[in-house]
Amino acid sequence: MLPSAVMQQAQDELLDWQGQGCSVMELSHRNPVYIALAEQAEQDLRRLLAVPDNYQVLFLQGGGRGQFAAVPLNLQGKDNGPSAGKQTPAIADYICAGYWAQSAADEARKYLNVNQTGELVQTDAGLAVSSPDTWQLSSNPRYVHYCSNETIEGIRLAGLPKFDAPLVADMSSDILSGPINVADYGVIYASAQKNIGPSGLAIAIVRNDLLDQAPETVPSFIHYHTQAQKQSMYNTPPTYAWYLAGLVFKWLLQQGGLSAIAEHNQAKANVLYQCIDDNDFYRNGIADANRSLMNVPFQLADAKLDAVFLQEAEAHGLKALKGHRAVGGMRASIYNAMPLAGVQALVSFMQDFARRYG
Ligand SMILES: *Cc1c(COP(=O)(O)O)cnc(C)c1O
């Protein structure tokens, strides 16, 4: 969901944006007033994440999966591949603890050698990401890739060790959910549609020395260096999604920035996990340290009640609770824009449902 204040503002200025006599949608991306809007959005995002000066912030098309290809293509090294006369392809390490990291690794394998490591293991504390001591990293990878929040399984990977190679993170489902230290990363990318704005936009934050590590064959529209040189306007960017993302950035700043948002997110997640843990009718088998603050999967004691649960929830205005088909059960996504009251409404429904069917 998007913040209702943002949706309201978008509605108010839909037909006439700031006295222009037309919608933002109808403005050319070359129009100086649109460029000013786009630059302001970038500045606000930089402020929220405290992005250091030696990083470029790119607003791109192609979503998360676009970046699954863009990352290996851009970071493979100029001399990678047989066409450049190199016999041994470049190698990259992929830490895989869920569906999205695995999908990123599978895409990268088209362009370079992938060394895949990491897994989900059953521990006394529940399902957890295997300890970094057990990861088999290669000696000189181009980069190390991971996904900070596995959206489908509800798994968070935090507190990674430091690597010599640049760290690349898919933050599609937890970007802007709390402060991060951008300087720890070589590349951060995210599709916008989970925690930023509408679909159609991907954001990539790229350290300057990694902009131009690609052979000439890389498509220009996903070439980081080309896009950075053109202020993300080598081709027409998704202008309306960029505008809405800008409104969300402003909203986040008004909420007090990412520390305040992080506290709010923690409070929301606590309420929901507490309800699940306190009630035998529900179960989330994930170890505390890996529990996602954004996506909370849970199973009912009797899976035969799943359909009834979803139907009654829908009738209470509690939407999109069906778990991904890969894991089944339920999943509550409680991104930044979800208010605490929304989580409380879910919890009281869950308690009532358990009383009636438990
Ligand atoms: C949703 C998601 C993606 C895929 O994004 P698309 O824009 O649909 O390609 C990638 N990574 C993560 C972590 C996601 O949650």
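How far is the sulfur of Cys147 from the closest cysteine sulfur?

## About the model

This is a predicted model, in which local features need pLDDT of at least 70 and side-chain atom pairs count only at pLDDT 80 or more, while totals for chains, interfaces and linings use all residues. Residues are numbered from 1 along each chain as its sequence is written, and side-chain values use heavy atoms, with hydrogens and water left out.

## The cysteines

The closest cysteine sulfur to that of Cys147 belongs to Cys96, and because the two are 9.5 Å apart, they are too far for a bond. A disulfide is a pair of cysteine sulfur atoms within 2.5 Å, and by this rule the count is zero.

Cys96 has a relative accessibility of 5%, and Cys147 has 3%.

## Around the ligand

The ligand is surrounded by 14 residues, each with a heavy atom within 4 Å of it. Gly64, Arg65, Thr151, Asp170 and Lys194 are the closest. By class, this shell holds three nonpolar, eight polar and three charged residues.

Now for some polar contacts (pairs of N or O atoms within 3.5 Å). A polar backbone atom of Arg65 is 2.8 Å from an oxygen atom of the ligand. Polar side-chain atoms also lie by ligand oxygens: one of Gln193 at 2.9 Å, and one of Trp100 at 3.4 Å.

Note on methods: Buried < 20%, exposed > 50% of the residue type's maximum accessible area, 1.4 Å probe, protein only. Polar contact = N/O pair within 3.5 Å; in protein donor to acceptor, adjacent residues only side chain to side chain. Nonpolar A, V, L, I, M, F, W, Y, C, P; charged D, E, K, R; others polar.
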